[in-house]
Amino acid sequence: MTNKVLLVDGMALLFRHFYATSIHHQFMRNSNGVPTNGVQGFVRHIFSAIDDIQPTHIAVCWDMGQQTFRNEMFADYKQHRPAPPDELIPQFDLVQDISNALGFVNIGVKNYEADDVIGTLSRNLSEDNEVYIVTGDKDILQCINPNVEVWLTKKGFNIYNRYDLTRYQEEYQLHPLQLIDIKAFMGDTADGYPGVKGIGEKTAHKLILKYQSVENVINHIDELTPAQQKKIISQLDDLKLSKQLAEIHTNVPLDVTALFNQMQYHLDFIDIFNVLDTHDLKVSKKFIEREFLPF
């Protein structure tokens, strides 16, 4: 395999770097007074990933609003999250404009989350290419396969918790798709779906190790402790719903072949610096000059 595909969770990087700097009120406003701290972090992070991975193809995947098909299944899905700070709001459009100007393909599909877009692209493109996913969301670990690595952001711009299939299986003794079953029991407070109250990650992992799936746990429920039986039976509908919500959709309607051709990427520092100068991203420019210029 000669192609390396980099799939970036754009919102994950924007939010990560906005909150990392806004705590100290470092909003790095441009000449128009628009805050750029999240955008600056996004730019520095994505070029650090490019330097590490040396991809031939890049796509940045985005959420397209709060409402997705999951809200049709469960109205409260992600609805409890606080409104974004005023300084972050203008950076949503700005970061996508800059991402596009820098030559990255932006992909977002209405009614789906960025995770679903990443899942669809990684499933299809990993048949013939190496795929690297940069995100802060552990849910995406379910997309790992022999040709897909997930790099979870950990510290700074280039320190990751990296998972390939071997590491995942050694650590969890499960197939990555079985993360869906674990999340079904655990629920997810960040996404707002319930799971089974009283069953946490440790117990959920033990149940799936033994029974392999939510459905098989239910089929053998008489083998569980009385307390576990009571919890599961009383919350059976929540358990089944949570499994549906936890699963990343990998059949988003995308023309993957056409997108793959558009995703070809060649590093051109002259173009990069022109974009950064145009948008007053001085911090990002200095970072790239210092870290990545070949002279």
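Student: Is R70 buried or exposed?
Tutor: R70 is buried, with a relative accessible area of 2%; buried means under 20% relative accessible area, exposed over 50% and partly exposed in between, with a 1.4 Å probe and protein chains only. This is a predicted model, in which local features need pLDDT of at least 70, side-chain atom pairs count only at pLDDT 80 or more, and totals for chains, interfaces and linings use all residues. Residues are numbered from 1 along each chain as its sequence is written, and side-chain values use heavy atoms, with hydrogens and water left out.

Student: Which residue meets R70 in a salt bridge at 2.9 Å?
Tutor: That residue is E113, the distance being taken from N to O. A salt bridge is a side-chain nitrogen of Lys or Arg within 4 Å of a carboxyl oxygen of Asp or Glu.

Student: What does the pair tie together?
Tutor: R70 belongs to helix α3 (residues 69–73) and E113 to the loop between β3 and α5, so the pair links parts that are 43 residues apart in sequence. Helices (H or I, at least four residues) and strands (E, at least two) are DSSP runs, numbered from the N terminus.

Student: And is E113 buried or exposed?
Tutor: E113 counts as buried, at 6% relative accessibility.

Student: What is the distance in the salt bridge of R70 with D116?
Tutor: The closest N and O atoms of R70 and D116 are 2.7 Å apart. R70 lies in helix α3 and D116 in helix α5, so this pair ties together parts that are 46 residues apart in sequence. Both R70 and D116 are buried.

Student: Which residue forms a salt bridge with K78?
Tutor: The side chain of K78 meets that of E113, at 2.6 Å from N to O. K78 is in the loop between α3 and α4 (89–101) and E113 in the loop between β3 and α5, so the pair joins parts that are 35 residues apart in sequence. K78 is buried, with a relative accessible area of 16%.

Student: Which residues make up the network?
Tutor: Salt bridges that share partners join R70, K78, R81, E113, D116 and D191 into one network.

Student: How many salt bridges are there by this rule?
Tutor: The count comes to 13.

Student: Turning to the sheet, what is the strand order?
Tutor: The open sheet has six strands in the order β3-β2-β1-β4-β5-β6, with mixed pairing. Its edge strands are β3 (105–107) and β6 (159–163), each pairing on one side only. Two strands pair if DSSP finds at least two bridges between them.

Student: How many bridges join β4 to β5?
Tutor: Five bridges join β4 (residues 130–135) to β5 (residues 148–155), and the two strands run parallel. Within β5, V148 is the bridge partner of V131.

Student: Which helix lies across β1?
Tutor: Helix α5 (residues 114–125) lies across β1 (4–9), β2 (57–61), β3, β4 and β5, at about 170° to β1. Contact means heavy atoms within 4.5 Å. Axes are lines fitted to C-alpha atoms, for helices over the stretch in contact, and angles run from 0 to 180 degrees between N-to-C directions.

Student: Finally, where is S22?
Tutor: S22 is in helix α1 (residues 10–22). At 12% relative accessibility, S22 counts as buried. Leaving aside neighbours within four places in sequence, S22 is in contact with F27 and N37.
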